[in-house]
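Take a look at the structure below. The report then walks through some of its local features.

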Amino acid sequence: MKILIARLNHETNTFSPVPTPLAAFAPAYGDAALRANQGMRTAMAAFIAAGQAMGATLVTPLSAMANPSGAVQAQAYDALTACIVDAAPGCDAILLDLHGAMVAENSADGEGDLLARVRAAAPGVPIGVALDLHGNMTPKIIANADVLVGFKTYPHIDMYETGEHAARLLLAMLAGLARYTVRWHALPLMGHTLRSTTLGGAMLRAVQSAQAAELSGVPAVTVFAGFALADIAAPCLSVVVTAEDSPQGIALAQAAADRIAAQIWSEREEFVYTSEPLVDSLQRAQALAVDATRPVLLLDHSDNCMSGGTCDTMDVLQGALALGLSDIAVGPLCDPQAVATLIEAGVGAQVSLALGNKVALAQLGLTKVPLQVSGTVRAISDGGYTVSGPIYTGQRCSMGRTVWLDIGAAQIVVTEQPHEPWDLGVFQCVGLDPTAHRFVLLKSRMYCRPVFAPLCQALVECDAPGVTSSDFSLFPFARVARPVFPLDPHFELSAA
């Protein structure tokens, strides 16, 4: 028995100026792809464990993941997808760990086009797919998978469990114990990422309905929040079901999808996030810090690299300093030019330089001016650390060369590479303890929360003009099918 197992993950922000070449994926091939996932918390790791448990021969042509950024370069997309397609002939089953929101220069439907090619290369072979909760579903994705399961958590802490679920269903097909088919219900609803959290609200209720439908007999039900920062036809919410391939099974599953979609549409306002003015957010944080015994967490979600941000905008820090906030731990801020200058100066040196705001946000028509700062170089490191969890537990991360810059009112971790603050390690790698400060400023929406939120007194979300802002009016959507809520706020759907 031969099972093809591969991973190709990218969430594409088509407005992001951050390029996505082949190198951004740090691809591992063959045995190296297997080793890169074995024992990890990825869906591919679960596929590997399931295949090994049944004694199958595993074909692992690729494991590749790039941080969210701009459209995948055509050469990279062609090379990575060819690895998977070329390995498909002769396999008895196919399990793919994908994202669901990939856009390439030569494909507006990265996963759908890939799955169609895999299906053509291995006709009749069952295909199982694990996807991110933020996948943008398309007809091609639905038509070319036999089993499809997405994450049910955001922050994503069930990647491995999602892989287990998809593998269990697909291997049942392989053993002749079941036959499955995928159905869906798409909604003309572009949700905000901050309203896709499963920590509460309408998204949690929708996921709970999906779980209830699974308990009632539907093999798999996923609520996909979509990823709205993509100028494609439908960067929207959808409900996807894996159904038993019989008239009764399909009817049961489709009814569940329709019922959950109607629930979501009735609560559509709750999938929209309205940002308060930045100065109001910062003043609220300032008031919360007065009697706080732990830091107040400031989340700059307008420049979140895990949604395609440049990780170098300075609006929130500038606003905080202008209001007189001090004792701020900031990180990571990506500025390779500044890192080179600071390292050349050396530990202990007094330095004046232009910091951040160096990447033009051309698609939004924004060009920002770097912040002039003076400070002391406190520490230099290679920017490496190991994630303690619960997301990507045990994974070794590198931010590139990293410097701790002390500008008095703020202690800033400056890095060579954009990086999501998964862990305290982003500060500890230079010897900085963020919990010892009054404020902690992170460029993040959600992934930092399991680690940082419990250590802080309060959390304040801060928005500003940037390519991951929650203000849809900043984005020149041209390809999105209209009408769609909330771009067309008075749009009514007669039957969800």
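Over which ring does the charged end of Arg268 sit? The charged end of Arg268 sits over the ring of Phe485, 5.7 Å from the ring centre. Keep in mind that this is a predicted model.

**Aromatic rings**

Rings also pair with rings. The count comes to nine aromatic pairs. Take Phe15 and Phe477. Their ring centres are 5.3 Å apart and their planes stand at 90°, so this pair is edge-to-face. The cut-off behind that label is an angle over 60 degrees between the planes.

This pair links distant parts of the chain. Phe15 lies in the loop between strand S1 (2–9) and helix H1 (31–37). Phe477 lies in the segment after strand S19 (458–462).

**Backbone angles**

Now turn to the backbone. Most residues other than glycine have a negative phi, and most peptide bonds are trans.

| Site | Feature | Angle |
|---|---|---|
| Gly331 to Pro332 | cis peptide bond | omega near -15° |
| Arg482 to Pro483 | cis peptide bond | omega about 0° |
| Cys311 | positive phi | phi near 65° |
| Asp327 | positive phi | phi about 60° |

Where do these residues lie? Pro332 is in strand S11 (residues 328–334). Pro483 is in the segment after S19. Cys311 belongs to the loop between strand S10 (296–300) and helix H10 (315–322). Asp327 belongs to the loop between H10 and S11.

Is Cys311 buried or exposed? Its relative accessibility is 0%, so Cys311 counts as buried. Asp327 has 32% relative accessibility and therefore counts as partly exposed. The cut-off for buried is under 20%, and exposed means over 50%.

**Strand S10**

How many of the five residues of S10 are buried? Five of the five are buried, so S10 is largely enclosed by the rest of the structure.

In a regular strand the side chains alternate between the two faces of the sheet. Now follow the side chains of S10. Val296, Leu298 and Asp300 point one way. Leu297 and Leu299 point the other way. All of these residues are buried.

Which strands does S10 join? One is strand S18 (residues 439–442), joined to S10 by four bridges. S10 and S18 run parallel. Here Val296 stands opposite Phe439 in S18. Another partner is S19, joined to S10 by five bridges. S10 and S19 run parallel. In S19, Leu459 is the bridge partner of Leu297.

**Helix H4**

Helix H4 (residues 110–121) has 12 residues. How far does H4 reach from its first C-alpha to its last? The span is 17 Å, close to the 16 Å expected at 1.5 Å a residue.

The buried residues of H4 are Gly110, Glu111, Gly112, Asp113, Leu114, Leu115, Val118 and Arg119. What do they pack against? The buried residues of H4 pack against S1, helix H3 (74–87), strand S4 (93–98), strand S5 (127–131) and helix H5 (139–143).

Key. Residues numbered from 1 in each chain as written. Predicted model: local features only at pLDDT ≥ 70, side-chain atom pairs only at ≥ 80, totals over all residues. Heavy atoms only, no water. Phe/Tyr/Trp six-rings, centres within 6.5 Å; stacked < 30°, edge-to-face > 60°. Helix = DSSP H or I, 4+ residues; strand = E, 2+ residues; numbered from the N terminus. Lys NZ or Arg CZ within 6 Å of the ring centre and 35° of its normal. Buried < 20%, exposed > 50% of the residue type's maximum accessible area, 1.4 Å probe, protein only. Pairing = 2+ DSSP bridges. Expected span 1.5 Å × (residues − 1). Contact = heavy atoms within 4.5 Å.
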